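Reader: I have a new model open and would like to walk through it. Can we take it piece by piece?

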Amino acid sequence: MSRYDQFQEFRARLNQRILGDGTPDGRPGGTLVTKRFFALDDQTYRDGGEGGLPKKTKELLGLVASMVLRCDDCIAYHIDQCVKAGCTDQELWETFDVALIVGGSIVIPHLRRAVDFLDECRAREGR
């Protein structure tokens, strides 16, 4: 299974566990606070909003923050969302540059994985 497929399967399965009503064997799902946080996250990245930033811009901002914070799952998520929102490779490379400037050389290993994941996303969309 590809990294992309593993990421999507893991995320879907665990989000169901966290946001669902629990498991068949009776283990509970996440709390109302957890569900509200996930909903707030979803609302934050939608088009428009109070300031009018487009989803594409918000996803690029999320990608910078994720790279600086060195969260590979978050980086993969935001790259996938950026690709789906229509970001060009040039926009993504400039976003990577911002993350490098803000985060420094410690971001480089995450940049490598980000580029690899981007290549996989582009291959999936036929580019």
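Reader: How far apart are the end C-alpha atoms of helix 4, and what span should its residues give?
Author: This is a predicted model. In it, the end C-alpha atoms of helix 4 are 18 Å apart. Helix 4 has 13 residues and should span 18 Å at 1.5 Å a residue, so the two values agree.

Reader: Which residues of helix 4 are buried?
Author: Ile75, Ala76, His78, Ile79, Asp80, Gln81, Cys82 and Val83.

Reader: And what covers them?
Author: The cover includes helix 1, helix 3, helix 5 and helix 6.

Reader: What about Gly86, what is its phi?
Author: Gly86 follows helix 4, and its phi is positive, near 95°.

Reader: Is Arg70 buried or partly exposed?
Author: Partly exposed, because its relative accessible area is 40%. Buried would need under 20%, and exposed over 50%.

Reader: Let's zoom out. How many helices and strands are there?
Author: Six helices and zero strands. Along the sequence, the pattern reads α-α-α-α-α-α.

Reader: What does the C-alpha trace span?
Author: About 45 × 40 × 30 Å along its principal axes.

Reader: What share of the chain is buried?
Author: Buried residues make up 29% of the 127 residues.

Reader: And what share of the contacts with a separation of 6 or more comes from residues 24 or more positions apart?
Author: That share is 55%.

Reader: On to the core. How many residues are in the largest nonpolar core?
Author: It has 22 residues. Those with the most contacts inside it are Leu63, Met67, Ile79, Leu92, Phe96 and Phe117.

Reader: Which elements give two or more residues to this core?
Author: Helix 1 (3-19), helix 3 (55-69), helix 4 (72-84), helix 5 (89-103) and helix 6 (108-124). Helix 6 gives the most, with six residues.

Reader: Pick Leu92. What is Leu92 in contact with, leaving aside neighbours within four places in sequence?
Author: Leu60, Leu63, Cys82, Cys87, Leu118 and Arg122.

Reader: Next topic, Ile106. Where is it?
Author: Ile106 is in the loop between helix 5 and helix 6. It counts as partly exposed, because its relative accessibility is 46%.

Reader: How far is the Ile106 C-alpha atom from that of Met67?
Author: They are separated by 9.6 Å. Along the chain, the two are 39 residues apart.

Reader: How does the lining divide into nonpolar, polar and charged?
Author: There are 10 nonpolar residues, three polar and six charged.

Technical notes
Residues numbered from 1 in each chain as written. Predicted model: local features only at pLDDT ≥ 70, side-chain atom pairs only at ≥ 80, totals over all residues. Heavy atoms only, no water. Core = buried A, V, L, I, M, F, W, Y, C linked by side-chain atoms within 4.5 Å. Buried < 20%, exposed > 50% of the residue type's maximum accessible area, 1.4 Å probe, protein only. Helix = DSSP H or I, 4+ residues; strand = E, 2+ residues; numbered from the N terminus. Contact = heavy atoms within 4.5 Å. Nonpolar A, V, L, I, M, F, W, Y, C, P; charged D, E, K, R; others polar. Expected span 1.5 Å × (residues − 1).
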